[in-house]
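The sequence and the structure are shown first.

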There are 2 protein chains.
Amino acid sequence: MLERIRLRSRAPYSGAEYGYYVGELAPSTSASSGGEDVECDVLYPGCLLDADETSRAKLLKKHITRSSTQKLVCVRETPELYAKAHEKYIASIPREATAWVRKILSLEKERERLLHCDDDFLLNVDSKWTTHPDCDGADRATWRAHSSVTDLYCLGLCVREDFKSLRDARAEHLPLLRAMLRKGRAVIEDIYGVNAEEMRVFVHYPPQFYHFHVHYQALSAKEQGCACERAHSLEDIIDNLERDGDHYARANLSLKMGERDALYAFYNDAATRA
Amino acid sequence: MLERIRLRSRAPYSGAEYGYYVGELAPSTSASSGGEDVECDVLYPGCLLDADETSRAKLLKKHITRSSTQKLVCVRETPELYAKAHEKYIASIPREATAWVRKILSLEKERERLLHCDDDFLLNVDSKWTTHPDCDGADRATWRAHSSVTDLYCLGLCVREDFKSLRDARAEHLPLLRAMLRKGRAVIEDIYGVNAEEMRVFVHYPPQFYHFHVHYQALSAKEQGCACERAHSLEDIIDNLERDGDHYARANLSLKMGERDALYAFYNDAATRA
């Protein structure tokens, strides 16, 4: 059956980390064999090319786990549990996992998806915005009020590399966070005509990758990844830090994971030893 | 065409406020008339029966607006804006809007859906949990680990009537909130076998009705109404109040509304006058 699969790349292609392909089965010569309606998604994590064998095995396992169906569990992470489990998990992640972020920040990759960059952050069309007009060809003026803006999804990446996740956020990050909120919204309104009241701007905890980033999603888009146990409104984050610059050093945070995720193993290990 | 519609009630029937019906078109005698695949949902808000004409008109309009497709907008509600707009909106809602809540709390209605009640709160099977086994007939022992628990959705209603929404939450509510979190989870685990790590427990702001209530939803269920700009984890609420008993008197809160909602009109009016 494998030789009957025909792969085609699925738009939009994400130049940095992933190649997305959809595979279709070629019609069988034997009418009775069936199976012509099988379709498979192929994910090709390009970031693994530069990694050594150990890192590659680790990152590949993470990709497979993330794409598999697994039971979700949500625990409450105290600052102590963060230090005992989560921080160790983060330290175990090979640096290659965020190679694609550095390639975007250096403008080596995904320039065609670039919406804005300055000394604080860079704003890109997120690869989850699959209905976006072709980034390579189109005149950007046609993006404004394009019918696909109802699916708007953009990604903001901070420039500094030492800000891993919401847990690290402190008063010193306030100027950066305010810039990502205000400038990010302004750029999106300017390019797409979607204004601040029509989108949610949020941060995942735990994040999918440990380089601080922000999600910009139209309220009209299909809700994905914005459930309250994992998504934190950037406006709430800024308010929390304005009240207490060390809020995220002291706060408990919900931690939703798949029960086969490596993070959950670190968590269980810490809970057992406690 | 109207006379060809055949209504049947859609399980589960919510005895208190709503009758849910699905209407199907009877096959037409003329083959060319088409339209046989039209299906209509009929919502019969029983709470309006006891209301006077003005209240009925107001509540009916709210039901129609809520069931219509409309653009969503999300604004940031300061405490000042709450006082100027939201509080006035709440005061304008006829008392009949929560008559169904009082009927449930007095055990006059929905006893078959009752999971727990004490002096603090009552826990019910939410009408959004449509795959739940028939509440009237089934032996409750069969509910435990039933295949439908992946869709688990329960509703906790506090007993006191003076606690309208998250905006009212103060230190004095902490014992109630802790009971709704801990006891609510324990009852659900006992009856359905779904444990604390497998569900999100959250509160809507703005709520759909102004009598404080809590949502209990399995993480495995289809995500609905839990996006971060409207859903607040009960654990976060408790932590916020433990840090500052007046947190919700001082905090800014996101306010997502339909642009035809009455609340949005109050908000726009206040913004114009400011």
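## Basis of the description

The model is predicted, and local features need pLDDT of at least 70, side-chain atom pairs count only at pLDDT 80 or more, and totals for chains, interfaces and linings use all residues. Residues are numbered from 1 along each chain as its sequence is written, chains are lettered from A and ligands numbered from 1 in the order in which they are written, and side-chain values use heavy atoms, with hydrogens and water left out.

Chain A contains seven helices and eleven strands. Helices (H or I, at least four residues) and strands (E, at least two) are DSSP runs, numbered from the N terminus. Of the 274 residues in chain A, 50% are buried. Buried means under 20% relative accessible area, exposed over 50%, and partly exposed in between (1.4 Å probe, protein chains only). Contact means heavy atoms within 4.5 Å. Among contacts in chain A between residues at least 6 apart in sequence, 66% link residues at least 24 apart.

In soluble globular proteins, nonpolar side chains tend to be buried together. A nonpolar core is here a set of buried Ala, Val, Leu, Ile, Met, Phe, Trp, Tyr and Cys residues joined through side-chain atoms within 4.5 Å. The largest such core has 62 residues, and those that touch the most other members are A:Leu115, A:Cys154, A:Met180, A:Ile188, A:Tyr192, A:Tyr216 and A:Leu234. Helix H4 (residues 174-192) of chain A supplies the largest share of this core, nine residues. A second, separate core has 59 residues, including B:Leu181, B:Val187, B:Cys226 and B:Leu241.

Which residues does A:Cys154 touch, not counting residues up to four places away in sequence? Among them are A:Leu115, A:Trp129, A:Ile188, A:Tyr192 and A:Tyr216.

The expected span of a helix is 1.5 Å times one less than its number of residues. Helix H1 (residues 53-67) of chain B has 15 residues and should therefore span 21 Å, which agrees with the 21 Å between its end C-alpha atoms. Its buried residues are B:Ser55, B:Leu59, B:His63 and B:Thr65. These residues lie on the same side of H1(B), because they cover an arc of only 165° around the axis; the arc is that of the directions from the helix axis to the C-beta atoms. On the other side of H1(B), the residues B:Glu53, B:Thr54, B:Lys61 and B:Ile64 are exposed. At the start of this helix, a side-chain oxygen of B:Asp52 comes to within 3.1 Å of the backbone nitrogen of B:Thr54.

Helix H4 (residues 174-192) of chain B has 19 residues and reaches 26 Å from its first C-alpha to its last, close to the expected 27 Å. Its buried residues include B:Leu174, B:Met180, B:Arg185 and B:Tyr192. The elements that cover the buried residues of H4(B) include strand E5 (114-117), strand E9 (213-218) and helix H5 (234-243) of chain B. After H4(B) comes B:Gly193, whose phi is positive, near 75°.

## Single residues of chain A

| Residue | Relative accessible area | Class |
|---|---|---|
| A:Asp239 | 13% | buried |
| A:Ala218 | 1% | buried |
| A:Glu223 | 31% | partly exposed |
| A:Trp129 | 1% | buried |

A:Ala218 lies in strand E9 (residues 213-218) of chain A. Its C-alpha atom is separated by 7.6 Å from that of A:Val149, 69 residues apart along the chain. A:Trp129 is in the loop between strand E6 (121-125) and strand E7 (153-158) of chain A. A:Trp129 and A:Tyr153 are 24 residues apart in sequence and 5.3 Å apart in space, C-alpha to C-alpha.

## The interface

How many residues of chain A are in contact with chain B? There are 30 residues of chain A in contact with 30 residues of chain B. The area buried between the two chains is about 2500 Å², and carbon and sulfur atoms give 42% of it. Buried area is the accessible area (1.4 Å probe) that two parts lose on being put together, summed over both. In chain A, the residues A:Arg76, A:Glu197 and A:Cys228 lose the most area to chain B, together 24% of what that side buries.

Two residues from the table also touch chain B. A:Asp239, placed in helix H5 (residues 234-243) of chain A, touches B:Arg76 and B:Asn252. A:Glu223, in the loop between E9 and strand E10 (231-233) of chain A, touches residues including B:Ala227 and B:Lys256.

Technical notes: A polar contact is a pair of N or O atoms within 3.5 Å; within protein, one must be able to donate a hydrogen and the other to accept it, and residues adjacent in sequence count only if both atoms are side-chain atoms.
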